[in-house]
Amino acid sequence: MGKNIRLSKGFDINLAGKAAPKIADVELAETFVVKPTDFHGLYMPKPVVTEGDTVKAGTPLFHAKNHEDIQFTSPVSGEVVEVKRGEKRKLLEIKILADRQVEHVNFKKYSLSEMASLPVAEIKEQMLKSGVWANLVHRPFGIVAEPTVVPKSIHISGFDTAPLAPDYSFLFRAQDQFFQAGVDVLKKLTSGAVHVNIHTQSDLSTVFSQVKGAEVNKFTGKHPAGCVGVQIHHVDPINKGDVVWTISPLGVIQVGKLFLQGIYDASRLVAVTGSEVKNPQYYRTYTGASVKKFLSNNLKQENVRVISGNVLTGASIGKDGHLGFFDNQLTVIPEGDYHEFLGWITPSNKSKLSFHRAFGLLSFLTPSKEYVLDSNTHGEERAFVQTGVFEQVLPMDVLPTQLLKSILAEDIDEMEALGIYEVIEEDLALCEFVDVSKHNVQEILRDGIELVRNS
Amino acid sequence: MKFLRKTLDGVKPNFEKGGKWEKMYFAFEAIETFLFAPNTTTAAKGVQVRDAVDLKRLMMTVIIAMVPCLLFGMWNIGHQHFLAIGQTGTLGEKFWIGIVQTLPIIVVSYGVGLGIEFVFATIRRHPVNEGFLVTGMLIPLVMPPDVPLWQVAVATAFAVVIGKEAFGGTGMNVVNIALTARAFLYFAYPTDISGEVWTYLGEGATAVAGYSGATPLAVAAAAAKGTQVVNEFNSFGSTWAPGIYSFQSLFLGTQPGSIGETSTLMCLIGALILIVTGTGSWKIIVGVFGGAYGMGLLLNILAGNNAFMAMPAYYHLVIGGLAFGAVFMATDPVTAAQTETGKWFYGILIGMFTVLIRVFNPAYPEGIMLAILLMNVFAPLIDYFVVSANKNRRLKRATV
């Protein structure tokens, strides 16, 4: 039996520009990229293709030196047009010019009865070479999963509570059989259970709630209730030495398709959202798509920030950028590069949203209002002063202030004792948002995680 | 505004790296960000939007919460003045006397404190933190009305340099800075900050017959064995200001004392602002009042014929500076306990120690200052236990 968990802490950022539940009719993006920087824990990623090579969906593009068995493959078929490197020849991205019709590498197909008796080694091999393995995230640390490890459980978050998040019941409509097949396969990789964590009110979507062979846990609460790290903490917490894996529902569906149809299907729906988008709606595309086509004639103004992902954990990619591997959301907000006269004290106008209720910030009076927020920091970085606020937006038995201070002090024992194994950036993203002193909480946390991981 | 912005943009290059006043950058930054919220945007990775609140606004909220205490305190200086010299004054006259007495103290406190902040920011190359906006207002509010200005200056300088900058600046200090200033005066110039200094009489003025400047705390401490403190309060000043220490008057604050501390009512209004805005911890405020009341009740039981111990516990909440300390000093987030559970213990212990010091220590009539300073020092210890409990829960989970 799954658990029922009610979370009272958290904060929903209510932004304007939610995607309408319809799929836009535009032609496929021209270029797609795979970025090694979307993954943590890869040591010296090395390309296995060169510019001019033709690839199919599922052809390996690169692998890391410390994990030559994990292939990162092309989402589409086409021609490799750029292998982009940065400082010290660090591999940044591999760009593919897509064919009009996507061709797939053919992997082995299995019938449902064959799948029931599949040996673990064969499952792993198929997943590793096709590229779907990259969907598995290893906790602690949030790195690409180690194929040699048997995790104590696997967790799938069946809802997204982030600002303007896509509606999963729309995103994964009619994918029931692939999701089920994916869960069946994943179950063999863990010594424990596969947990599917759904929102209490999302009974409409049968994709997750009717799944067999998995523990279905129900959550209620504000963001970050949808973050899988928060869910793990309440369902099956990570202790020192434990390993659990997480995977997105899309990843599960890709696993299912890989075994049922024998292809790496990187197609996905992407929600194009945000206050500066004329028609916020969904687009059908593939992983790592160029955002140009989504935004042409679709922006209200030019001085915008284009974010792959949501406004809490996303990355600014620019108008010509490409979506990240894990992102099925694009958010466009106004750029906040303006000075505001006495902006630190003027009472709230419509664009000031705050978790706090300090003088003049009245957004708490209108919780259901949709806000247009820009990328201005609203203040400068200062010393830690305010206490007790991080704790109100982290529904976990973890002390965020103390954890962050232990990271700044580079005290590894203390970080361990305070639970650094249980969190990654997205879990603490709201702390960064509400921070009065404007620290880059997620960056600090990642530094701490890498310090512990490499110790 | 555009003109101002242009001027700032025009001189800015001089303060940036390579400019001729490069060293003064943080002083410039403080002024620039005071005039204009900066145009900085969020990093490419991480949160892309930020909460609209910043440290300046947070600190300003605390100052706004102090305004009722300040205004009432100004009026009360005049009110006490006229009572003491046996005359009557209008509302405006009372206010005027208060303003004349208070404003120079505020100016000196801000002037000296911010001056030191800017100097340290320039030397140590860190931004000017807004913490002193609050400290600079708290210091005047805990001063006697006719404190010599040079003492305010010395105390502020001591508090900012030794209490804060020596530890690394805002956010790093161990003890409350405003209370450090007050404690400095208390121990360095005891004659100027104890006894009958709490009423401003004025140059050459003589007090009315029968006048006594003793505070309720002094009256309570001096009450003879077997007497009732409440009776002493009610009969105090019967010849020149009847009812001055009645419970109602003590609650409203029409009593002599430091500039901002006398009115429990105004402190409660401030507390309401702090709690509603989430700026001050309600746990600490409730803890201090609860701890003091609980300790008062306990002493009532053990009192025997000791008059101060037998004083009804609720009187502890309205005499002296307990309310002001609970609302504005104990809630200082930097020096208080930082864990939510710890805040309860921290607050309750402050309340208990305040009453203990008041009742049992004849050398110090008021206990709140020392209680808060003491608990400031122990706050990390309280946090240590709370954090250890958190760590142990995690360890226990692992071994099950």
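User: What should I know before reading the model?

Analyst: The model is predicted: local features need pLDDT of at least 70, side-chain atom pairs count only at pLDDT 80 or more, and totals for chains, interfaces and linings use all residues. Residues are numbered from 1 along each chain as its sequence is written, chains are lettered from A and ligands numbered from 1 in the order written, and side-chain values use heavy atoms, without hydrogens and water.

User: What is the area buried between chain A and chain B?

Analyst: Buried area is the accessible area (1.4 Å probe) that two parts lose on being put together, summed over both. Here it is about 6,000 Å², with 54% from carbon and sulfur atoms. In chain A, A:His339, A:Trp344 and A:Arg382 lose the most area to chain B, together 15% of what that side buries.

User: How many salt bridges cross the interface?

Analyst: A salt bridge puts a side-chain nitrogen of Lys or Arg within 4 Å of a carboxyl oxygen of Asp or Glu. The rule finds eight across this interface. One joins B:Lys391 to A:Glu414 (2.9 Å, N to O).

User: Which strands pair between the chains?

Analyst: Strands are DSSP runs (E, at least two residues), numbered from the N terminus. Two pair if DSSP finds at least two bridges between them. Here β21(A) and β1(B), residues 36-37, pair in the antiparallel sense over two bridges. A:Phe341 stands opposite B:Phe36.

Technical notes:
Helix = DSSP H or I, 4+ residues; strand = E, 2+ residues; numbered from the N terminus.
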